[in-house]
2 protein chains.
Amino acid sequence: MATTQAAKRQKSSKDVPYELIYWPGIPGRGEHVRLALEEAGASYTDSAHQKDGMNLVLSQIDAKNVGDASNPPPLAPPILKHGDLSISQTPNILLYLGPRLGLVPSAEEDEDAIYKVNGLALTALDGLSNGPHDCHHPVATSQYYEDQKPEAKRKSADYLANRLPKFLGYFERVLQGEASKGGKWLYGGKLTYADLVLYQCLDGVKFAFPKATARMEKEGKFGKVFDLYHAVQERPKIKEYLASERRQKYSDGIYRHYPELDEE
Amino acid sequence: MATTQAAKRQKSSKDVPYELIYWPGIPGRGEHVRLALEEAGASYTDSAHQKDGMNLVLSQIDAKNVGDASNPPPLAPPILKHGDLSISQTPNILLYLGPRLGLVPSAEEDEDAIYKVNGLALTALDGLSNGPHDCHHPVATSQYYEDQKPEAKRKSADYLANRLPKFLGYFERVLQGEASKGGKWLYGGKLTYADLVLYQCLDGVKFAFPKATARMEKEGKFGKVFDLYHAVQERPKIKEYLASERRQKYSDGIYRHYPELDEE
């Protein structure tokens with residue numbers, strides 16, 4: 001699949017840099033796209049660092065945008081443009097980029113690898129990105145955190161006691177399994193974009209719940225997951241990126257640090 | 001992509017029926033997989049109707065399951081087995097099945113159609129499947145509805161006032177857009193699995209909130225979306241399926257009908 005499509009692409013309008021359209025000011029879901037592009041050393045533009053970035057996002061998600069002749073409109077960022085193509089939804093963008101950036105085995109090497117990597121990425125995003133968001137906005141996304149504090153406390157306690165260990169335990173099992181080929185990376189013995197997704201999710205969860213995650217790391221029950229986290233962080237291109245100004249600080253996005261929601 | 005892989009498949013271990021592994025007793029997320037298989041008239045087995053179906057699901061998601069030599073373990077059903085392949089996550093299973101069942105344009109016809117259809121399916125599942133689940137379990141998935149009733153009421157009010165119209169309005173826009181090629185189906189003028197996903201999501205939301213959805217349908221603001229809903233329901237194979245015993249009734253799953261959470 002990758003080779004055939006890449007060959008076609010040489011002749012197409014897609015021999016241009018990728019364009020990421022995402023909110024300025026937070027890593028957010030756009031960060032998963034950035035890490036893939038950065039790890040691959042790909043050429044891309046990022047609306048978060050463009051002068052009129054905010055308006056670019058707003059025009060894309062405007063209630064009057066009905067898309068164009070070949071692309072449905074996006075509901076929300078991140079949005080990836082590549083030549084004439086415009087797609088949204090984080091795992092969908094990664095699915096598109098994965099084979100092109102060499103972040104998933106090609107179909108020639110491993111026919112169905114893309115479905116295994118996509119499944120792992122979807123699982124990480126479900127439990128470790130949507131989950132933490134719901135912790136600070138359990139009853140109404142449209143209202144302020146301050147208006148749902150007791151519910152947020154209850155939701156966070158449930159998340160830290162049940163959901164978070166469930167998902168970390170799941171990825172620990174994936175790393176113990178034979179399909180990981182050694183347990184350093186989630187699938188096939190090589191870094192894939194699912195590893196980058198897990199890294200970024202865990203980084204956000206660590207920011208939101210530093211005490212709970214420090215305790216979990218110390219207890220050693222999810223040792224392989226935390227090893228993967230540190231291994232991603234040490235990859236040369238990721239390390240350079242994380243230290244650069246292109247990496248934005250956590251703020252009022254998916255991952256928020258409210259000390260009262262963390263463990264005591 | 002579809003043709004190449006289909007050609008390979010002729011010679012592979014995959015010339016066997018699809019196996020769906022999902023909880024017996026609720027349509028749930030497994031229903032999206034069933035509707036795709038049914039619309040295509042594909043040959044498949046369904047653990048929901050097998051004698052030991054519940055144990056089959058439980059053994060798959062057991063905390064000791066580390067997968068096998070080529071497949072990571074699943075976190076949760078639905079799980080699709082096809083020959084040696086075992087994959088999970090609803091949109092991932094549909095991504096795999098879509099080209100094989102003719103429910104997405106082939107890469108030869110429309111190179112990037114799969115990403116557009118996948119994006120639409122992910123959006124529907126996010127807002128119209130995860131959303132309604134959170135309405136009855138806003139603060140703790142691990143606790144009973146009865147222990148979070150006031151929060152569920154608040155969450156549902158927010159959902160009906162904000163999230164649901166936002167998502168229905170989004171799909172109405174998609175159907176107004178040129179990429180839908182006429183506004184009967186979401187993308188490219190032909191039924192894709194994204195239409196089946198939207199149908200099933202809306203069917204569940206209608207079950208959960210009959211009064212609110214009846215009002216919305218009557219108001220006519222999302223006319224194209226409701227037309228699509230009825231058009232899917234009238235497709236011969238879907239119609240036969242919905243009337244059969246293979247279609248399970250809604251119960252204590254994602255979509256639940258608590259009259260107190262609906263509009264007055």
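Biologist: What do the side chains of A:R235 and A:E39 do?

Modeller: In this predicted model, they meet in a salt bridge, at 2.9 Å from N to O. A salt bridge here is a side-chain nitrogen of Lys or Arg within 4 Å of a carboxyl oxygen of Asp or Glu.

Biologist: How many salt bridges are there between domain 1 and domain 2 of chain A?

Modeller: The count is one. Polar contacts between these two domains come to two residue pairs, with both residues at pLDDT 80 or more. A polar contact is a pair of N or O atoms within 3.5 Å; within protein, one must be able to donate a hydrogen and the other to accept it, and residues adjacent in sequence count only if both atoms are side-chain atoms.

Biologist: Which elements supply the domain 1 side?

Modeller: In chain A, α2 (30–39) and α4 (90–100) each supply at least two residues of the side of domain 1 that touches domain 2. α4(A) gives the most, with six residues. Helices are DSSP runs of H or I with at least four residues, strands are runs of E with at least two, and both are numbered from the N terminus. That side of domain 1 divides into seven nonpolar, three polar and three charged residues. Ala, Val, Leu, Ile, Met, Phe, Trp, Tyr, Cys and Pro count as nonpolar, Asp, Glu, Lys and Arg as charged, and the others, Gly among them, as polar.

Biologist: Where are the domain bounds in chain A?

Modeller: Domain 1 is 2–100 and domain 2 is 113–235. The bounds come from an automatic or database domain assignment. Taken over C-alpha atoms, the centres of the two domains of chain A are 24 Å apart.

Biologist: How many residues are in contact there, and what area is buried?

Modeller: In chain A, 13 residues of domain 1 are in contact with 14 residues of domain 2, contact meaning heavy atoms within 4.5 Å. The buried area is about 1100 Å², of which carbon and sulfur atoms give 71%. Buried area is the accessible area (1.4 Å probe) that two parts lose on being put together, summed over both.

Biologist: Switching to the two chains. What is the area buried between chain B and chain A?

Modeller: About 5500 Å², with 52% from carbon and sulfur atoms. In chain B, B:L75, B:Y115 and B:R173 lose the most area to chain A, together 15% of what that side buries. The contact takes 65 residues from each of chain B and chain A.

Biologist: How many salt bridges cross that interface?

Modeller: The rule finds four. One of them joins the side chains of B:D112 and A:K14, at 2.2 Å from N to O. On the chain B side, α6(B) gives the most, with twelve residues. That side has 26 nonpolar, 18 polar and 21 charged residues.

Biologist: How is chain B laid on chain A?

Modeller: By a turn of 180 degrees and a shift of 0.0 Å along the axis, with an RMSD of 0.0 Å. That is the relation of a two-fold axis. Copies are superposed by least squares on the C-alpha atoms of residues with pLDDT of at least 70 in both.

Note on methods. Residues are numbered from 1 along each chain as its sequence is written. Chains are lettered from A and ligands numbered from 1 in the order in which they are written. Side-chain values use heavy atoms; hydrogens and water are left out.
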